[in-house]
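I opened the notebook to look up a few things in one chain. The entries follow in the order in which I made them.

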Amino acid sequence: MAEAKQREYSRAEVAKHDSAASLWVVRGNQVFDLTSFHTDHPGGSDVLMQFGGQDITEAMRDATIHTHAIQAYRVLKDFYIGEITADERQDYADSGLGRDEMECVEEDKFLDLTRPLVMQMWNSKFTRDFYIREVHKAHHLPQPAVFFENRFLEAFTRTPWWVIPLYWCPILATLLVLGARYEPFNVMLVGFAFGLVSWTLMEYSIHRFIFHYDENIPEGMLAQMAHFLLHGVHHYLPMDPLRLVMPPALSTFLGLNILGLLCLVFTPGMVHAVAAGLTAGYVMYDECHYWLHHGTSANKYLCQLKTYHLRHHYKDFKAGFGITSDFWDNIFGTQFVSSD
């Protein structure tokens with residue numbers, strides 16, 4: 001795509017690229033190739049396909065479709081391939097911002113996405129405020145980002161969605177079988193349900209108070225590195241398919257600590273049941289989270305849930321901490337201020 005930059009295209013030529021195999025659009029007399037992006041579009045591939053080969057300048061501003069934040073223009077900028085020919089350039093209505101939306105996209109001074117990210121963070125000297133601001137500006141890559149130049153280390157940073165049920169479901173079943181040696185079915189069912197419901201609060205709390213410790217992290221590279229690896233990179237590259245679920249090594253470490261706490265509170269049998277419920281909740285959460293970024297559905301509730309979570313990424317990372325529901329956001333007052 002790089003060799004095509006600075007080229008000029010007629011609108012008729014752009015109009016030919018209106019399929020999934022080659023999807024181009026015009027925005028403000030600039031041409032963008034969204035072929036590698038449309039399947040990752042937060043609003044779904046179908047929405048973009050409707051505008052294949054067309055001018056989307058006003059569509060991106062249309063509130064009846066979806067008013068796009070500056071974050072969207074930052075992502076779009078990565079797919080620039082050229083300009084509309086001089087004789088076909090148009091004048092567009094004012095954006096309402098005093099300048100064109102693309103001009104509001106600040107120059108990127110954070111990380112170079114063409115190089116391994118971890119060493120860049122290790123050698124960085126960002127201030128905390130700069131780091132927090134920049135890491136929450138979403139970017140997009142057509143392939144998973146590279147963390148380490150070393151392939152062995154890199155492998156531990158990548159987790160496909162199917163690893164989670166494959167790893168945790170046998171553990172869940174084992175917990176239930178062992179617990180049944182101590183408690184009858186009805187007691188196990190109560191413990192399982194308690195664990196499952198408790199997970200929803202744990203999910204909210206971890207996301208809000210640990211993943212989004214954000215402005216409270218200490219100054220310095222080590223704190224920024226920890227934040228980046230734990231959750232920051234997910235906001236920086238929200239559509240990276242191999243960084244959407246938690247690596248088993250990390251989730252196992254956290255799970256063993258939680259199990260230790262449960263053993264201090266519950267008796268044998270009930271410990272197993274509650275732990276199984278928490279495990280089931282975690283698996284559903286991680287799979288749901290992956291779907292919210294890459295899945296599509298005609299179900300109204302699921303579409304609303306997807307929109308709710310992606311708003312957390314692309315508009316307001318300080319609200320909307322619920323993943324599988326907005327229940328605890330409504331209880332604790334961290335829902336989005338308005339519905340726009």
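**What I am looking at.** This is a predicted model, in which local features need pLDDT of at least 70 and side-chain atom pairs count only at pLDDT 80 or more, while totals for chains, interfaces and linings use all residues. Residues are numbered from 1 along each chain as its sequence is written, and side-chain values use heavy atoms, with hydrogens and water left out.

**Asp-214.** I then checked Asp-214, which is not a glycine but has a positive phi of about 40 degrees. Asp-214 lies in the loop between α8 (185-211) and α9. Its relative accessible area is 2%, so I put Asp-214 down as buried.

**The whole chain.** I recorded 13 helices and five strands. Helices (H or I, at least four residues) and strands (E, at least two) are DSSP runs, numbered from the N terminus. The C-alpha atoms fill a box of roughly 80 × 45 × 35 Å along the principal axes. The chain has 340 residues, and 46% of them count as buried. I noted an accessible surface of about 17800 Å², with 62% of it belonging to carbon and sulfur atoms; the areas come from the Shrake-Rupley method with a 1.4 Å probe, and for residues only the protein chains shown count as cover.

**The sheet.** In what order do the five strands lie in the sheet? I read the order as β1-β5-β4-β3-β2, in an open sheet with mixed pairing. Two strands pair if DSSP finds at least two bridges between them. β1 and β2 (18-19) stand at the edges with a single partner strand each, so one side of each has no neighbour in the sheet.

I went through the pairs next.

- β1 (residues 7-9) and β5 run parallel and are joined by three bridges. Tyr-9 has Ile-84 as its bridge partner in β5.
- β4 (residues 30-33) pairs with β5 in the antiparallel sense, over three bridges. Gln-30 is partnered by Glu-83 in β5, and Phe-32 by Tyr-80.
- β3 and β4 run antiparallel and are joined by four bridges. Trp-24 stands opposite Asp-33 in β4.
- β2 and β3 pair in the antiparallel sense over two bridges. A hairpin of two residues joins β2 to β3, and Ser-19 stands opposite Ser-22 in β3.

Why did I mark β5 (residues 80-84) as largely enclosed by the rest of the structure? I did so because five of its five residues are buried. For β3 (residues 22-27), five of the six residues are buried, so I marked β3 as largely enclosed too.

**Helix α5.** I looked up which residues of α5 (residues 128-135) are buried. They are Phe-130, Tyr-131, Ile-132, Glu-134 and Val-135. The cover over these buried residues includes α4 (117-122) and α9 (221-236).

**Leu-113.** Leu-113 is in the loop between β5 and α4. Leaving aside residues up to four places away in sequence, I found that Leu-113 touches His-139, Leu-141, Tyr-236 and Leu-237, where contact means heavy atoms within 4.5 Å. I also noted that residues 24 or more positions apart account for 73% of the chain's contacts with a separation of 6 or more.

**Cysteines.** How many disulfides does a search of the whole structure find? It finds zero, a disulfide being a pair of cysteine sulfur atoms within 2.5 Å. Cys-303 is in no disulfide, and the nearest cysteine sulfur, that of Cys-288, is 12 Å away. With a relative accessible area of 32%, Cys-303 is partly exposed. Cys-104 is buried, at 19%.

Key. Buried means under 20% relative accessible area, exposed over 50%, partly exposed in between (1.4 Å probe, protein chains only).
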